[in-house]
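User: Hi! I'm new to reading protein models and could use a hand with this one. Can we walk through it together?

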Amino acid sequence: MITKIPDGTLVRGSSSAVFLIEHGKKRPVMDSSSFYFYKLMTNKIIPLEDMLLRPYPLGEGVTAASGPWAKCAPATVFVKGSGSGIYLWMDSRLFPIQSGEVFRRLRCQMDEIVHVPDSLVRSLPVGHSINTSFFLQHPVLNGRLYCSPNGHIYYGERRMLRKVEGPMVFSYFQWSVDQLIYLTQDEFIKSPIGKPVLS
């Protein structure tokens with residue numbers, strides 16, 4: 001399985017097609033309405049040489065038009081129904097975010113949240129609540145940036161921390177220090193370590 005490009009990265013080759021890299025595959029974003037429905041951002045699209053994109057097998061299309069949510073939606077996305085509850089969709093489950101304090105710690109912004117029907121929220125399986133002690137009890141969340149107590153930066157992917165190898169890599173993937181979740185020493189020790197993110 002290809003691990004060079006982190007899951008959740010938007011890429012574009014020489015054509016106009018935009019792909020979402022997830023689980024070693026390139027998932028085509030099917031149309032502009034799907035792109036904006038899932039709160040994807042044009043300034044996060046990474047230009048990629050075709051020779052680097054070609055080895056990734058084609059995955060399920062990302063679409064808001066029809067089809068089962070688990071197949072059509074990004075693998076990791078914040079969602080909300082008509083109520084006040086906000087969830088992280090990840091690992092084919094909804095993880096309820098317990099409080100505003102936790103929401104802020106995850107560095108989530110309101111413009112990241114995808115609004116979905118209540119019937120969809122009710123139909124999806126639910127995972128553990130994300131509370132203030134979550135990182136002491138469970139692996140890290142996918143798709144977020146983390147800072148260890150010694151100042152090293154990591155990316156959460158497949159419930160593991162992938163070390164970001166240097167500022168050039170950090171800049172290449174259009175990441176920002178405003179996205180960093182600061183882990184305590186105890187939280188960091190609990191977190192499995194995966195392969196580093198290289199340029």
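Predicted model: local features only at pLDDT ≥ 70, side-chain atom pairs only at ≥ 80, totals over all residues.

User: Which residues lie nearest the centre of the largest pocket?

Analyst: Gly8, Thr76, Gly143, Arg144 and Tyr155 do, out of 45 lining residues. Sorted by class, the lining has 17 nonpolar, 16 charged and 12 polar residues.

User: What does strand 5 pair with?

Analyst: One partner is strand 6 (residues 86-90), which runs antiparallel to strand 5 and is joined to it by 4 bridges. Within that pairing, Val77 has Trp89 as its bridge partner. Another partner is strand 8 (residues 114-115), which runs parallel to strand 5 with 2 bridges. There, Val79 stands opposite Val114.

User: How many residues are between strand 5 and strand 6?

Analyst: There are 5 between them, and the two strands form a hairpin.

User: What holds paired strands together, in general?

Analyst: Strands of a sheet pair through backbone hydrogen bonds, either parallel or antiparallel.

User: OK, what's the strand order in the open sheet of 4 strands?

Analyst: The order is 3-2-1-4, with mixed pairing. Strand 3 and strand 4 (45-47) are the edge strands, each pairing on one side only. From one strand to the next, the twist averages 40°.

User: How do strand 1 and strand 4 run?

Analyst: They run parallel, joined by 3 bridges. Val11 stands opposite Ile46 of strand 4.

User: New topic: where does Gln98 lie?

Analyst: Gln98 is in the loop between strand 7 (93-96) and helix 4 (100-105).

User: Why does Gln98 count as exposed?

Analyst: Gln98 is exposed because its relative accessible area is 52%, and exposed means over 50%.

User: Which residues does Gln98 touch?

Analyst: Leaving out residues up to four places away in sequence, Gln98 touches Ser129, Ile130, Asn131 and Thr132. Also, its C-alpha atom is separated by 8.9 Å from that of Tyr87, 11 residues apart along the chain.

User: Thanks, that helps!

Terms used
Residues numbered from 1 in each chain as written. Heavy atoms only, no water. 1 Å grid on protein atoms, 1.4 Å probe; cavity = no way out; pocket = protein on both sides within 12 Å on 5 of 7 lines; lining within 4 Å. Nonpolar A, V, L, I, M, F, W, Y, C, P; charged D, E, K, R; others polar. Pairing = 2+ DSSP bridges. Buried < 20%, exposed > 50% of the residue type's maximum accessible area, 1.4 Å probe, protein only. Contact = heavy atoms within 4.5 Å. Axes fitted to C-alpha atoms, helices over the stretch in contact; angles between N-to-C directions.
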